Amino acid sequence: MRRSGAVVIVGLLLGAVTPMHAQDVRCDGTLFELAVIEEGTSATDRFQFALRLEAQATSKKDALNELNRRLGTVRRKISGLAIGGLIVSAPRTYTVGGTTASPQRHQATSNISGEVSRSNYDPLIQQAGRLPGVSLQGMTSLSSTDGARSLQQQLLERALATGRRQAESTQQLLGLRQLRLIRIDQRRGGAPLRTSALSRSKQSFDPSEAPKPRQSIRLNLDYCLN
């Protein structure tokens with residue numbers, strides 16, 4: 001697991017009162033506010049893929065018919081690779097062109113998404129690249145539920161430990177003896193990473209080269225120093 005961390009000191013306030021959830025907690029000494037950010041990556045368990053499907057014709061009806069035909073081909077080629085089936089959005093139609101040099105045509109589009117295992121990472125990419133009207137929009141690395149929970153727990157523990165060390169260091173600099181944590185505000189982040197630039201290895205795409213699932217956590221901490 002990869003990790004990084006940052007500490008942002010918000011400020012020092014003397015004799016302040018700060019709320020913690022439903023009750024008020026008084027700090028009669030020095031209020032030390034800081035924000036701690038920790039992030040890390042976990043092992044990839046599977047991938048979420050996003051495909052764009054499109055077709056053009058001289059009429060809206062023909063464009064939709066061609067889109068349906070291509071969708072049938074995608075289902076036959078891709079469904080067997082996906083975990084739990086495909087998610088297909090309703091089609092959209094619009095016109096393109098309309099000039100002397102480029103006569104007006106109708107275009108129909110749809111989006112297809114699903115998940116594949118690590119073993120089907122390269123087969124999905126290869127199949128999608130060979131189907132007419134299909135373009136691969138991205139692959140998202142996903143961790144297992146247990147892996148995501150484990151990483152979140154580790155990030156939380158690291159953030160609390162980092163905040164404690166910073167508060168203790170400030171306490172020593174000020175010549176104070178007591179330290180009390182009076183507020184924790186936890187915020188999560190780290191949307192799954194998507195990639196459009198896929199690494200190539202020996203004429204195939206290696207799932208180990210894909211960006212790993214990343215998570216982050218931000219803790220806003222208030223300590224009362226006396």
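Q: Where do arginine 164 and glutamate 168 lie, and how many residues apart are they?
A: An α-helix has 3.6 residues a turn, so residues three or four places apart point the same way. In this predicted model, arginine 164 and glutamate 168 both belong to helix α3, four residues apart, about one turn of the helix. Helices (H or I, at least four residues) and strands (E, at least two) are DSSP runs, numbered from the N terminus. Residues are numbered from 1 along each chain as its sequence is written, and side-chain values use heavy atoms, with hydrogens and water left out. Because the model is predicted, local features need pLDDT of at least 70 and side-chain atom pairs count only at pLDDT 80 or more, while totals for chains, interfaces and linings use all residues.

Q: In what kind of interaction do the side chains of arginine 164 and glutamate 168 meet?
A: Side chains of opposite charge can pair when their charged atoms come close. Arginine 164 and glutamate 168 meet in a salt bridge, at 3.2 Å from N to O; the term requires a side-chain nitrogen of Lys or Arg within 4 Å of a carboxyl oxygen of Asp or Glu. The structure holds 11 salt bridges.

Q: Are arginine 164 and glutamate 168 buried, partly exposed or exposed?
A: Buried means under 20% relative accessible area, exposed over 50%, and partly exposed in between (1.4 Å probe, protein chains only). Arginine 164 is partly exposed, with a relative accessible area of 37%, and glutamate 168 is partly exposed, at 31%.

Q: Which salt bridges involve arginine 183?
A: The side chain of arginine 183 meets that of aspartate 222 at 2.8 Å, N to O. The pair links distant parts of the chain, with aspartate 222 in strand β12 and arginine 183 in strand β10 (residues 179-189), 39 residues apart. Aspartate 222 counts as buried because its relative accessibility is 1%, whereas arginine 183, at 22%, counts as partly exposed. The side chain of arginine 183 also meets aspartate 185 in a salt bridge, at 4.0 Å from N to O.

Q: Which cysteines does the disulfide join?
A: A disulfide is a covalent bond between the sulfur atoms of two cysteines; here the term is applied to a pair of cysteine sulfur atoms within 2.5 Å. The structure holds one disulfide, and cysteine 27 is joined to cysteine 224 with an S to S distance of 2.1 Å. Cysteine 27 sits in the loop between β3 (23-26) and β4 (30-41), and cysteine 224 in strand β12 (residues 214-225), so that distant parts of the chain, 197 residues apart, are linked. The torsion about the S-S bond of cysteine 27 and cysteine 224 is about 90°, so the disulfide is right-handed. Both cysteine 27 and cysteine 224 are buried.

Q: How is an aromatic pair read, and which rings are involved in this case?
A: A pair of aromatic rings is described by the distance of the centres and the angle of the planes. Rings of Phe, Tyr and Trp (its six-membered ring) pair if their centres lie within 6.5 Å; planes under 30 degrees apart count as stacked, over 60 as edge-to-face and the rest as tilted. The structure holds one aromatic pair. The rings of phenylalanine 47 and tyrosine 121 have centres 4.4 Å apart and planes at 40°, so the pair is tilted. Phenylalanine 47 lies in strand β5 (residues 46-57) and tyrosine 121 in helix α2 (residues 121-130), so the pair ties together parts that are 74 residues apart in sequence. Both phenylalanine 47 and tyrosine 121 are buried.

Q: Against which elements do the buried residues of α2 pack?
A: The buried residues of α2 include Tyr121, Leu124 and Ile125. Packing is read from contacts, that is, heavy atoms within 4.5 Å. The buried residues of α2 pack against β5, α1 (60-78), β8 and β9 (134-142).

Q: Where is histidine 106 found, and is histidine 106 buried or exposed?
A: Histidine 106 is in strand β8 (residues 105-117) and counts as buried, at 19% relative accessibility. Leaving aside neighbours within four places in sequence, the contacts of histidine 106 include Ala55, Ala63 and Tyr94.

Q: How many helices and strands does the protein chain have?
A: The protein chain has three helices and 12 strands. Of its 226 residues, 38% count as buried.
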